[in-house]
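The sequence and structure come first.

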Amino acid sequence: MNIGFIGLGVMGRPMAQHLIEGGHTVLLNRVKDVSQHLVEKGGQAVATAREVAEASDIIILMLPDTPDVEAILFGSDGVAEGLSSGKTIVDMSSISPVATKELASKINQLGCGYLDAPVSGGEGGAIAGTLSIMVGGEQSDFDKVLSVFELMGKNITLVGGVGDGQTAKVANQIIVGLTIGAVAEGLLFASRAGADPAKVREALMGGFASSKILEVHGERMIKRTFDPGFRISLHQKDLNNALSAGRSLNLPLPATAQCQELFNTCAAQGDGELDHSGLVKALETMAAHKTAGEA
């Protein structure tokens, strides 16, 4: 199968590599020095998104935000200019559920399928090929792309119609963000009260408070290792989508709003490019105390 892949960032590079190693012809747009190894492994560098679409049966997007997806699809030399009937767009970016439905409608009018398929699992999951993939779209399009998804992920779910994959991802990011905040508050409390936060975390890992976030991000908070797997700035974008959708649904999301303010505090302090576990630094600033190390 000919597969186009547009968006070779931290997540996109290992995802595209799995497709190349799976034996597919993978056409790559926006190849830079950091992604040149994909060409060496057999990927084909292509100059424009339009050329990717012309040569591909399935076109995968892995881009930062809604405007980026819209520009790649419908901008000059964009994907839409290279489409012909029967091709399938798979947007694996994390963007607005509302905008997704509008973009899908335009693509459908060109005789092509559209799946929104955002992922969870971070850079580690992308490298291991164990991402959770939340899909919205038609069953027939899902069936066509399933074997491709299986090269990149393990927990692959057709949630519902177009936009429902993005809705699931927004829900995921709400839960992840709030859990990071809970872990940060718990460990900061333990430290300020005089306990060893590393030992507290170890004790909690055996109880009902145990979670992947306590395991991974709790350790990051204690060891002060905030090199990004998933940046605060990207989580801010996802929570913006959540709060915007909440307003359109007349749905209060008070804890999500509070979590976003903590991320905003980190960004204001110049920490927007840290891993989202760095949210703890906003709480530490307010407390004038570090979870690990001296205040």
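Leaving aside its neighbours within four places in sequence, which residues is glycine 12 in contact with? They are Phe5, Gly7 and Met62, where contact means heavy atoms within 4.5 Å. The model is predicted, so local features need pLDDT of at least 70 and side-chain atom pairs count only at pLDDT 80 or more, whereas totals for chains, interfaces and linings use all residues. Residues are numbered from 1 along each chain as its sequence is written, and side-chain values use heavy atoms, with hydrogens and water left out.

**Whole chain**

The protein chain has 14 helices and 9 strands; these are DSSP runs numbered from the N terminus, helices being H or I with at least four residues and strands E with at least two. Along the principal axes, the C-alpha atoms fill a box of roughly 65 × 45 × 35 Å.

Of the 295 residues, 49% are buried. Buried means under 20% relative accessible area, exposed over 50%, and partly exposed in between, with a 1.4 Å probe and protein chains only. The protein chain exposes about 13,000 Å², and carbon and sulfur atoms supply 52% of this area, computed by the Shrake-Rupley method with a 1.4 Å probe; for residues, only the protein chains shown count as cover. Among contacts between residues at least 6 apart in sequence, 64% join residues at least 24 apart.

The chain carries 23 positive and 33 negative charges, and their mean positions are 4 Å apart. Lys and Arg count as positive and Asp and Glu as negative, while His and the chain ends are not counted. Each charge is placed at NZ of Lys, CZ of Arg, CG of Asp or CD of Glu.

**Cysteines**

A disulfide is a pair of cysteine sulfur atoms within 2.5 Å, and by this rule the count is 0. The sulfur of cysteine 259 has its closest cysteine sulfur in cysteine 266, 9.5 Å away, which is too far for a bond. Cysteine 259 is buried, at 5% relative accessible area, and cysteine 112 is buried at 4%.

**Selected residues**

| Residue | Relative accessibility |
|---|---|
| Glycine 12 | 1% |
| Leucine 83 | 15% |
| Isoleucine 232 | 0% |
| Glutamate 284 | 6% |

Glycine 12 is in helix 1, residues 12-21. Its C-alpha atom is 9.6 Å from that of isoleucine 127, 115 residues away along the chain.

Leucine 83 lies in the loop between helix 5 (79-82) and strand 5 (88-91). Beyond its neighbours within four places in sequence, leucine 83 touches Ala53, Ile59, Ile89, Ile107, Leu110 and Cys112. The C-alpha atoms of leucine 83 and isoleucine 222 are separated by 50 Å.

Isoleucine 232 belongs to helix 12, residues 232-248. Leucine 279 is 47 residues away along the chain, with a C-alpha separation of 7.6 Å.

Glutamate 284 is part of helix 14, residues 280-287. With neighbours within four places in sequence set aside, glutamate 284 contacts Leu188, Arg224, His289, Lys290 and Thr291.
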